[in-house]
Amino acid sequence: MTAPVIGFAGLTHLGLNMAAASAARGFKVVGYQDDPAGVDAINAGHLPVAEPDLDDMIARNRERLTFTSDDTKLADCDIVYISVDVPTDDNGQSDLAPITGIIATTERAMSDDALLIVLCQVPPGFTRTLGRDPARLYYQVETLIFGRAVERAMHPERFIVGCAKPDAAIDPRLENYLGAFDCPILPMRYESAELAKISINMCLVASVGVANTMAEVCEHVGADWSEIIPALRLDARIGPKSYIAPGLGLAGGNLERDLATVIGLADRHATDAGIVHAWLANSRHRKDWCYRTLKQAVLDTKPDATIGLLGLAYKENTHSTKNAASLALLSHLDARWVTAHDPQVRAANILPELRQAETALDACDGADAVVIVTPWPLYREIDPEELARRMRGRTLIDPYGLIPRAGAIAAGLDHHMLGTAPTRAEAC
């Protein structure tokens with residue numbers, strides 16, 4: 001069989017990574033977006049998203065990749081994925097209009113015989129409402145993780161494929177394409193696949209909730225959550241990859257969207273979503289951990305303290321600030337007293353009065369306290385002695401423990417970290 005040509009309608013974070021991975025697996029790929037300037041930028045090598053190895057993978061496979069704003073190019077494809085973002089509001093509610101719009105455009109351009117596959121995060125029942133011949137209509141679960149998108153696209157654990165008739169054979173073109181990734185393929189009805197994505201995220205949120213709840217207990221009873229984590233990862237019922245590292249609440253938008261979807265389904269069908277409301281309350285509480293710690297350590301006695309803020313993105317290796325802990329912290333502070341640094345996010349895009357430092361240490365110059373909100377790898381390279389020399393105060397709020405505690409204490413800094421009581425230099 002001739003290898004199918006794969007199309008991606010939507011050059012989003014998801015679409016770009018999947019397009020690059022498909023080309024790397026040997027397929028010709030057409031990436032379409034109704035944005036000539038954006039497509040020109042991509043063709044010039046200026047990607048709209050930051051993702052480790054993505055630029056290099058696109059460059060290595062450029063001869064198999066076509067990026068275009070001409071929708072007629074989709075007529076060359078055997079399979080077209082709908083890969084646009086689903087906007088959400090502050091409550092996690094989805095706006096499905098961009099999906100329905102791009103589906104209409106794509107169906108007008110693509111061959112009648114080609115397969116259309118919805119790759120976006122949609123509520124259960126969405127795919128079955130589309131008018132396309134069910135034999136040429138699929139839903140596929142995406143499991144994008146910002147910062148690890150290339151790895152996930154190249155080496156998926158499995159493919160979850162929603163079909164009209166899960167007992168029927170998958171179209172051979174799709175089987176050919178998915179088979180190139182050498183992982184299990186799990187066909188199921190549309191609604192099951194759509195709900196499988198939400199169920200995965202529910203399990204992840206449950207783990208996050210457990211970790212954050214127990215890590216906070218550790219901070220008050222003399223325990224250290226980092227000592228407990230290895231014991232949990234060796235438990236086969238929990239597993240080595242479980243989400244049990246403590247964090248600063250849910251962020252990024254995807255998990256929050258699924259929780260909002262489940263609450264909506266529960267309201268509609270009179271099922272219980274009390275646990276989902278509890279997860280959201282837990283997330284909101286945890287998101288203010290940096291502010292509570294800063295207030296107790298510094299602001300209660302020095303309200304006009306100057307703050308060095310390291311990290312604005314909601315996680316490392318991404319430019320996204322959707323529901324970021326940095327925004328929660330800044331909502332409590334006077335931005336005029338804050339100097340921020342982030343490798344991907346410009347401070348002026350967050351607040352006009354927020355000062356931007358060119359380097360991480362520059363953000364710490366004269367600071368009464370430094371808060372490392374985003375665990376960017378480069379912050380692990382900060383020399384605690386140099387950090388202490390740059391600062392005016394002694395408070396280092398380092399939720400993820402990027403600066404070794406022993407080094408921070410030796411440099412004379414009070415070290416505050418998630419999951420364990422603070423260690424003060426003067427007490428050591």
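Histidine 13 touches Val49, Ala50, Glu51, Leu144, Phe146, Ala149, Thr318 and His319, leaving aside residues up to four places away in sequence; contact here means heavy atoms within 4.5 Å. The model is a predicted one, in which local features need pLDDT of at least 70 and side-chain atom pairs count only at pLDDT 80 or more, while totals for chains, interfaces and linings use all residues. Residues are numbered from 1 along each chain as its sequence is written, and side-chain values use heavy atoms, with hydrogens and water left out.

Histidine 13 belongs to helix H1 (residues 13-24); helices (H or I, at least four residues) and strands (E, at least two) are DSSP runs, numbered from the N terminus. With a relative accessible area of 5%, histidine 13 is buried, a term that denotes under 20% relative accessible area, as against over 50% for exposed and in between for partly exposed (1.4 Å probe, protein chains only). Its side chain makes a polar contact with the side chain of glutamate 51 at 2.5 Å. A polar contact is a pair of N or O atoms within 3.5 Å; within protein, one must be able to donate a hydrogen and the other to accept it, and residues adjacent in sequence count only if both atoms are side-chain atoms.

Helix H4 (residues 97-109) has 13 residues, which at 1.5 Å a residue should span 18 Å, in agreement with the 19 Å between its end C-alpha atoms; the expected span is 1.5 Å times one less than the number of residues. In H4, Ile99, Ile102, Ile103, Thr105, Thr106 and Ala109 are buried. These residues lie on the same side of H4, because they cover an arc of only 170° around the axis, the arc being that of the directions from the helix axis to the C-beta atoms. The cover over the buried residues of H4 includes strands E1 (6-9), E2 (29-32), E4 (79-82) and E5 (115-118).

E5 pairs with E6 in the parallel sense over three bridges, where pairing requires that DSSP finds at least two bridges between two strands. Tyrosine 138 in E6 is the bridge partner of isoleucine 117. Strand E6 (residues 137-140) is covered on both faces, with Leu137 and Tyr139 buried on one side and Tyr138 and Gln140 buried on the other. E6 also pairs with strand E7 (residues 159-163), in the antiparallel sense and over two bridges; valine 161 in E7 is the bridge partner of glutamine 140.

An open sheet of six strands has the order E11-E10-E9-E12-E13-E14, with parallel pairing. Its edge strands, E11 (355-356) and E14 (414-416), each pair on one side only.
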